[in-house]
Amino acid sequence: MTKWTPTHEAPEPLEGPVVPTITGGTVLWFVLFLVQLPFYGWFDDHGHAWWVWTCLAGGGLGLIGVWYVRKRDAAIKRARDAA
């Protein structure tokens with residue numbers, strides 16, 4: 001079993017501009033939803049209406065993600081200031 005045991009430490013997670021990244025992805029999901037909305041009849045006729053609703057769900061979940069990463073970013077800044 002020693003063959004599969006890691007021999008080095010795991011790297012630190014990458015930190016970057018998380019809030020703008022999640023916000024950009026959320027905007028992209030909503031734009032994709034709005035672009036596909038006029039073609040809903042075609043999507044429905046061909047059995048692909050789920051594409052439209054997937055974009056809406058992605059935008060909705062993205063809003064939750066934006067809220068979460070903003071709270072996380074604020075908590076990290078508070079912890080850094082307290083230390």
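1. Contact here means heavy atoms within 4.5 Å. With that in hand, take cysteine 55: leaving aside residues up to four places away in sequence, Cys55 touches Trp29, Leu32, Phe33 and Gln36. The residue sits in helix α3 and counts as buried, because its relative accessibility is 5%, and the cut-off for buried is under 20%.

2. A word on confidence before going on. This is a predicted model, and the chain has an average pLDDT of 92, with 98% of the residues scoring at least 70. Looking at the elements, helix α1 (residues 18-36) has the highest mean pLDDT, at 97, while helix α2 (residues 40-45) has the lowest, at 95.

3. Now the rings. The structure has five aromatic pairs. One of them joins phenylalanine 33 and tryptophan 53: the centres are 6.2 Å apart and the planes lie at 40 degrees, so this pair is tilted. Since Phe33 lies in helix α1 and Trp53 in helix α3, the pair ties together parts that are 20 residues apart in sequence. As for cover, Phe33 is buried at 10% relative accessible area, whereas Trp53 is partly exposed at 43%.

4. Tryptophan 50 and tryptophan 51 make another aromatic pair, this one edge-to-face, with 5.9 Å from centre to centre and 85 degrees between the planes. Trp50 counts as exposed, with 53% relative accessibility; Trp51, at 34%, counts as partly exposed. Both belong to a cluster held by ring pairs, together with Trp42 and Phe43.

5. Finally, the surface. Leu61, Ile64, Trp67 and Tyr68 make a nonpolar patch of about 510 Å². Of these, Trp67 lies in helix α3, which spans residues 49-82. Trp67 is exposed because its relative accessible area is 53%, and exposed requires over 50%.

Key: Residues numbered from 1 in each chain as written. Predicted model: local features only at pLDDT ≥ 70, side-chain atom pairs only at ≥ 80, totals over all residues. Heavy atoms only, no water. pLDDT = per-residue confidence, 0-100. Helix = DSSP H or I, 4+ residues; strand = E, 2+ residues; numbered from the N terminus. Patch = residues over 30% accessible without salt bridge, like charges linked within 9 Å, V, L, I, M, F, W, Y side chains within 5 Å. Areas by Shrake-Rupley, 256 points an atom, 1.4 Å probe, with all protein chains shown as cover. Salt bridge = Lys/Arg side-chain N within 4 Å of Asp/Glu carboxyl O. Buried < 20%, exposed > 50% of the residue type's maximum accessible area, 1.4 Å probe, protein only. Phe/Tyr/Trp six-rings, centres within 6.5 Å; stacked < 30°, edge-to-face > 60°.
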